[in-house]
Every structure is written in structure tokens, then in C-alpha cells.
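Colleague: I'd like to learn how to read a model like this one. Can we go through it together, feature by feature?

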Amino acid sequence: MFRLSEDLRFYLFTGKVNLRRGCMSLCELIRTDMKSDPRDSRNVYVFMNRARTIVRIIHYERGFYVMYEKRPESGKFRKPVYDAKSGKYKISYTDLVCLTEGIARTEIRLSEAGIDSTNN
């Protein structure tokens, strides 16, 4: 069953990414650049192309990788705010919904507890 909910941790990849790459290539970016385990089912990884016209979301569920993709019919996704020092950060489910649904939001809050730069 496909599911994304508030009980999961959402991480936005802030580096350059070619979204023509497949799921396994994106998982390798999660391992090497984000220093995280893509098989951790508590984590959801969000990738956005430079033009902000494509968002891909990767999640591991019950032995399978699930990849969601969203493309707006017109326009772009809003540019997210990120922490350049950590290179990744945890965003809330609400922030992800705002990002992908085009809802205007003045800021995405980063708490010190939300920043995760270690392996789980």
C-alpha cells in the first residue's frame, strides 16, 4: 500500500540532481551525499530538479522502493528554504504538502532537533 503520513521523516536533497536517473541511482545519492540509508522505512527522500518543474519522492516500504513523481500542469514548485551547512534537513509533512500543492508559505521552520546529519 502506498502511504505518506505525518509520522514519517521527510528529507529534501539540496544538491544538484538529474531526475532522468532511476530509483537505484537516486538511492546511491541518498547513501553517499546524504549519508543515510534509503531502506529506512521511517524516512522519505524528496528530490527536485533545478527548474523546479519535477519533484520525485522515494520511500522504502515492505521490501520495495516506492517512487512518486509530481509535475505541475503549468508553472513551478515553490523554492524551498534549506540549511546549507548540513546539506540536508528534515521537513514536515505539512511543508511537503505545501511544496507540492503550490500553497504559498512564507517560511519552512528548521528546528535544531530536526536537522539530521548522522546515519540512522
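Colleague: What percentage of the residues of the protein chain count as buried?

Modeller: Of the 120 residues, 39% count as buried. Buried means under 20% relative accessible area, exposed means over 50%, and partly exposed is in between, with a 1.4 Å probe and protein chains only. Before we go on, a note on the source: this is a predicted model, where local features need pLDDT of at least 70, side-chain atom pairs count only at pLDDT 80 or more, and totals for chains, interfaces and linings use all residues. Residues are numbered from 1 along each chain as its sequence is written, and side-chain values use heavy atoms, with hydrogens and water left out.

Colleague: Okay. How many helices and strands are there in the protein chain?

Modeller: Helices (H or I, at least four residues) and strands (E, at least two) are DSSP runs, numbered from the N terminus. Here you get two helices and five strands, and along the sequence they follow the pattern β-α-β-β-β-β-α.

Colleague: How do I read a strand, then? Which way do the side chains of strand 3 point?

Modeller: The general idea goes like this: in a regular strand the side chains alternate between the two faces of the sheet. Now look at strand 3, residues 55–61. Val 55, Ile 57, His 59 and Glu 61 point one way, while Arg 56, Ile 58 and Tyr 60 point the other way. Both sets are covered: seven of the seven residues of strand 3 are buried.

Colleague: Which strands pair with strand 3?

Modeller: Two strands pair if DSSP finds at least two bridges between them. Strand 2 pairs with strand 3 in the antiparallel sense over five bridges, and Tyr 45 stands opposite Ile 58 there. Strand 4 (residues 64–70) also runs antiparallel to strand 3, joined by seven bridges. Over on that side, His 59 has Val 66 as its bridge partner.

Colleague: What do the turns of those hairpins look like?

Modeller: Strand 2 and strand 3 have six residues between them, and Arg 52 in that turn has a positive phi of about 60°. The hairpin of strand 3 and strand 4 has two residues between the strands, and there Arg 62 takes a positive phi near 45°.

Colleague: What does Asn 49 touch, apart from its neighbours within four places in sequence?

Modeller: Contact means heavy atoms within 4.5 Å. Asn 49 is in the loop between strand 2 and strand 3, and its contacts beyond those neighbours are Leu 19 and Ile 54. Asn 49 is buried, at 14% relative accessibility.

Colleague: Last topic: rings. How many aromatic pairs are there?

Modeller: A pair of aromatic rings is described by the distance of the centres and the angle of the planes. Rings of Phe, Tyr and Trp (its six-membered ring) pair if their centres lie within 6.5 Å; planes under 30 degrees apart count as stacked, over 60 as edge-to-face and the rest as tilted. By this rule the count is three. One of them is Phe 13 with Phe 47, a tilted pair at 5.3 Å centre to centre and 40° between the planes.

Colleague: Why does that pair tie together parts 34 residues apart in sequence?

Modeller: Phe 13 lies in the loop between strand 1 (9–12) and helix 1 (23–32), and Phe 47 lies in strand 2 (residues 43–48), so the pair links those parts. Phe 13 is buried at 6% relative accessible area, and Phe 47 is buried at 0%. Tyr 60 and Tyr 65 form an edge-to-face pair, with 5.0 Å between centres and 65° between planes. Tyr 60 is buried at 19%, whereas Tyr 65 is partly exposed at 24%.
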